[in-house]
Amino acid sequence: MSPARRILIAGNWKMNGLRAAKSELRGIVAGLDPTLQSKVDLLVCPPATLLAGFAADVAGSPIMLGGQDCHFNASGAHTGDISPDMLKDAGAVAVIVGHSERRGDHGEGDAVVNAKTKAAWRAGLLPVVCVGETLAERDAGDAAAVVARQIRQSIPEGATAQNLVVAYEPIWAIGTGRTPTPEDVAQVHHAIRAVLTERFAAEAQGIRILYGGSVKPDNAAILLAVPDVDGALVGGASLKAADFLAIARAAI
Ligand SMILES: O=C[C@H](O)COP(=O)(O)O
C-alpha cells in the first residue's frame with residue numbers, strides 16, 4: 001500500500017437487504033472512530049432499492065454510497081435498468097461495473113463494461129471496474145494474462161488516479177471461502193499496475209486496486225498487507241456492520 005493511495009474498503013451487498021437492513025448501515029456509521037476515518041475510505045453499495053433511503057443515514061458521515069451496476073445510457077427505453085444519473089440522484093458517488101456476476105449472469109463483456117465506465121464518468125460517479133479469472137484460467141496459468149486483457153479492454157482512455165478504482169476478484173474465490181495466496185494476489189496486482197502504467201503513465205501509481213473474494217475479518221489483515229493491494233471489495237462479510245468494520249480496522 002503506497003502512502004499516496006488511501007485505503008478503500010467497499011461493501012457490495014449484492015441482491016441482499018430489505019429496508020430493515022438500514023440497522024447495519026447505522027451500525028457502520030456508529031462504529032466509526034477518528035483513526036478509522038482518518039486512514040480509510042468506506043463505500044457501501046446496497047441494492048438500488050435501498051440507496052435513496054440510505055442517503056439520509058450517511059449524511060454528515062464519511063461513508064460513501066455506491067450502486068452495483070448501471071446502464072451505459074443516461075435514460076431511455078431500457079426496462080429494468082438503472083442509469084448512472086439515477087444512482088447519482090439517489091445519493092451514490094460510485095458504481096461497481098463489470099462484476100463477474102454481471103459478466104456471467106447478464107453476458108456483459110469488456111466492451112459493455114467499457115461503455116458503462118464512460119457512462120459513470122459522464123454522470124460524475126467513480127467506477128469500480130472489476131476483473132478476475134475463472135478457476136480454469138488460473139489452473140492454466142493464465143490469470144495475469146486474462147486480467148491484463150480485461151484491464152486493456154474494460155477501461156477507457158482517460159482514466160486517472162481520481163476517476164478510477166480497479167477491483168481484482170478471482171471468480172473462484174467469490175463466496176467460496178477460498179482465497180489466493182498472498183503471493184498470487186501480489187503477482188496479479190503487480191500485473192494490473194503494470195498494464196495501468198503502460199496505459200495511463202504516472203496516473204497509474206495513484207489508481208487504487210482492491211482485492212475481492214472471500215475477504216473476512218480473519219484474513220483481511222494478511223490480504224490488505226500485500227503490496228499493491230489498496231483495499232478490499234467485500235461481499236458476504238459486508239452485510240454485518242461488525243464484520244465490515246473489523247475488515248476496515250484490519251487495514252490500519
Ligand atoms: O463484490 C464482492 C465480491 O464478489 C466478493 O464477494 P465475497 O466477499 O462474498 O466472496
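This report walks through a predicted model of a protein chain with a ligand.

## Confidence and conventions

Residue numbers start at 1 in each chain and follow the sequence as written. Because the model is predicted, local features need a pLDDT of at least 70 and side-chain atom pairs count only at pLDDT 80 or more, while totals for chains, interfaces and linings use all residues.

The protein chain has a mean pLDDT (the predictor's confidence in each residue, from 0 to 100) of 97, and 99% of its residues reach 70 or more. Helices (H or I, at least four residues) and strands (E, at least two) are DSSP runs, numbered from the N terminus. Confidence is lowest in helix α2 (residues 34–39), with a mean of 96, and highest in strand β4 (residues 94–97), at 99. For the complex, the predictor gives an ipTM of 0.99 and a pTM of 0.97.

## The annotated site and the ligand

An unreviewed UniProt entry carries the annotation "binding site" for N12, W13, K14, G175, S214, G235 and G236. These residues span 225 residues in sequence, yet no two of their C-alpha atoms are more than 13.8 Å apart, so they gather at one spot. UniProt positions are given here in the numbering used for this model, with feature names shortened, and annotations may be inferred rather than shown by experiment.

Around the ligand are 14 residues (C-beta atom, placed from the backbone, within 6 Å of it), of which N12, I174, G212, G235 and G236 come nearest. This shell divides into 5 nonpolar, 8 polar and 1 charged. In that count, Ala, Val, Leu, Ile, Met, Phe, Trp, Tyr, Cys and Pro are nonpolar, Asp, Glu, Lys and Arg are charged, and the others, Gly among them, are polar.

## Two loop residues of the site

W13 sits in the loop between β1 (7–12) and α1 (22–31). A residue is buried if 20 or more other C-beta atoms, placed from the backbone, lie within 10 Å of its own, exposed if 12 or fewer, and partly exposed in between. W13 counts as buried because it has 20 such neighbours. Beyond four places in sequence, W13 is in contact (C-beta atoms, placed from the backbone, within 7 Å) with C45, P46, P47, S238 and L239.

G236 belongs to the loop between β8 (231–234) and α11 (241–250). With 18 other C-beta atoms within 10 Å, G236 is partly exposed.

## An exposed loop glycine

G124 lies in the loop between α6 (110–123) and β5 (126–131), and is exposed, with 12 other C-beta atoms within 10 Å.

Key: Two residues are in contact if their C-beta atoms, placed from the backbone, lie within 7 Å.
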